[in-house]
Amino acid sequence: NIIDGYEDNTMRPNNSITREEAAAIVARLLNLRESGQDLLIKFKDSSQVSEWSKGSLNALVANGLIAGYDDNTISPKQPITRAEAVVLLSRAQNLQQKLSPIIYDKAGTYGPETGTDTINNNVEISVPDVTLQNLVINGNLIIDKSVGDGNVALKNVTVNGTVNVNGGGEHSVVFEN
């Protein structure tokens, strides 16, 4: 699901790729979500952005992957140049490294005893006997199947994303507050 074809069920592999098409591909590759606000309105040619690409372009603008041109346009229908593609892919690679999950792969307790810490990233728990406490996770939380039937405790943890529980026994994943 990284690339979609056209409405006539063709892929057109020999065509140039437009800036909005490239944005849609990169947004899917990075699994970027739409920004909550319309950041495209600041570009004077925002009305030229196709409806299907608005979410992707918005996500790329929100994450600093596309900034537009000096004349305050985004030129969504124009072919992306090699130089622009390299810059976009380089920025995407840097963002991907930042978005790589924080992995807890050693048993223990993580997070402050008092107060709250914020993690602006996805989190993965890959071993049993992990306790996360007093955390706000701005990303997804994955309890991996490698936890087996082991214990995982989440004490005063807020997840602003999706929680996927793939491991843990019948009563061994505990959510407290």
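**View 1. T118 sits in strand 3, residues 117-119.** Strands here are DSSP runs of E with at least two residues, helices are runs of H or I with at least four, and both are numbered from the N terminus. The model is predicted: local features need pLDDT of at least 70, side-chain atom pairs count only at pLDDT 80 or more, and totals for chains, interfaces and linings use all residues. Residues are numbered from 1 along each chain as its sequence is written, and side-chain values use heavy atoms, with hydrogens and water left out. T118 has a relative accessible area of 49%, so T118 counts as partly exposed. Buried means under 20% relative accessible area, exposed means over 50%, and partly exposed lies in between (1.4 Å probe, protein chains only). T118 and I137 are 19 residues apart in sequence. Their C-alpha atoms lie 6.0 Å apart in space.

**View 2. R28 and D4 form a salt bridge.** A salt bridge is a side-chain nitrogen of Lys or Arg within 4 Å of a carboxyl oxygen of Asp or Glu. The closest N and O atoms of R28 and D4 are 3.0 Å apart. This pair links distant parts of the chain. R28 belongs to helix 1 (residues 19-30), while D4 lies in the segment before helix 1. The two are 24 residues apart. R28 is partly exposed because its relative accessibility is 31%. D4, at 48%, is partly exposed as well. By the salt-bridge rule, the count comes to 6.

**View 3. E20 and K77 meet in a salt bridge.** The N to O distance is 2.8 Å. Here, too, distant parts of the chain are linked. E20 is in helix 1, and K77 is in the loop between helix 2 (54-62) and helix 3 (82-99). They stand 57 residues apart. Is E20 buried or exposed? E20 has a relative accessible area of 3%, so E20 is buried. K77 is partly exposed, at 40% relative accessibility.

**View 4. R12 and D8 are joined through their side chains.** The pair forms a salt bridge with an N to O distance of 3.1 Å. R12 has 31% relative accessibility and therefore counts as partly exposed. D8 is also partly exposed, with a relative accessible area of 41%.

**View 5. I2, I3, M11 and L29 make a nonpolar patch on the surface.** Patches are made of residues with over 30% relative accessible area and no salt bridge; like charges are joined within 9 Å, and nonpolar side chains (Val, Leu, Ile, Met, Phe, Trp, Tyr) within 5 Å. Together the four residues have about 370 Å² of accessible area. Such areas come from the Shrake-Rupley method with a 1.4 Å probe; for residues, only the protein chains shown count as cover. M11 is found in the segment before helix 1. M11 is partly exposed, at 43% relative accessibility.

**View 6. The largest pocket has a volume of about 490 Å³.** A pocket is an open set of points on a 1 Å grid over the protein atoms alone, where a 1.4 Å probe fits, with protein on both sides within 12 Å along at least five of seven lines; lining residues have an atom within 4 Å of a point. Grid points are joined across faces, edges and corners, and a volume is the space filled by probe spheres set on the points. The lining has 20 residues. N31, L32, R33, L99 and N122 lie nearest the centre. Helix 2 and helix 3 each supply at least two lining residues. By class, the lining holds 6 nonpolar, 12 polar and 2 charged residues. Ala, Val, Leu, Ile, Met, Phe, Trp, Tyr, Cys and Pro count as nonpolar, Asp, Glu, Lys and Arg as charged, and the others, Gly among them, as polar.

**View 7. The second largest pocket holds about 360 Å³ of space.** Its lining is made of 16 residues. D4, G5, Y6, E21 and W52 lie nearest its centre. The lining divides into 8 nonpolar, 3 polar and 5 charged residues.

**View 8. N72 and S75 have positive phi values.** Most residues other than glycine have a negative phi. N72 is not a glycine, yet its phi is about 65 degrees. Phi of S75 is near 45 degrees, and S75 is likewise a residue other than glycine. N72 is in the loop between helix 2 and helix 3, and S75 is found in the loop between helix 2 and helix 3 too. N72 is partly exposed, with a relative accessible area of 35%. S75 is buried, at 15%.
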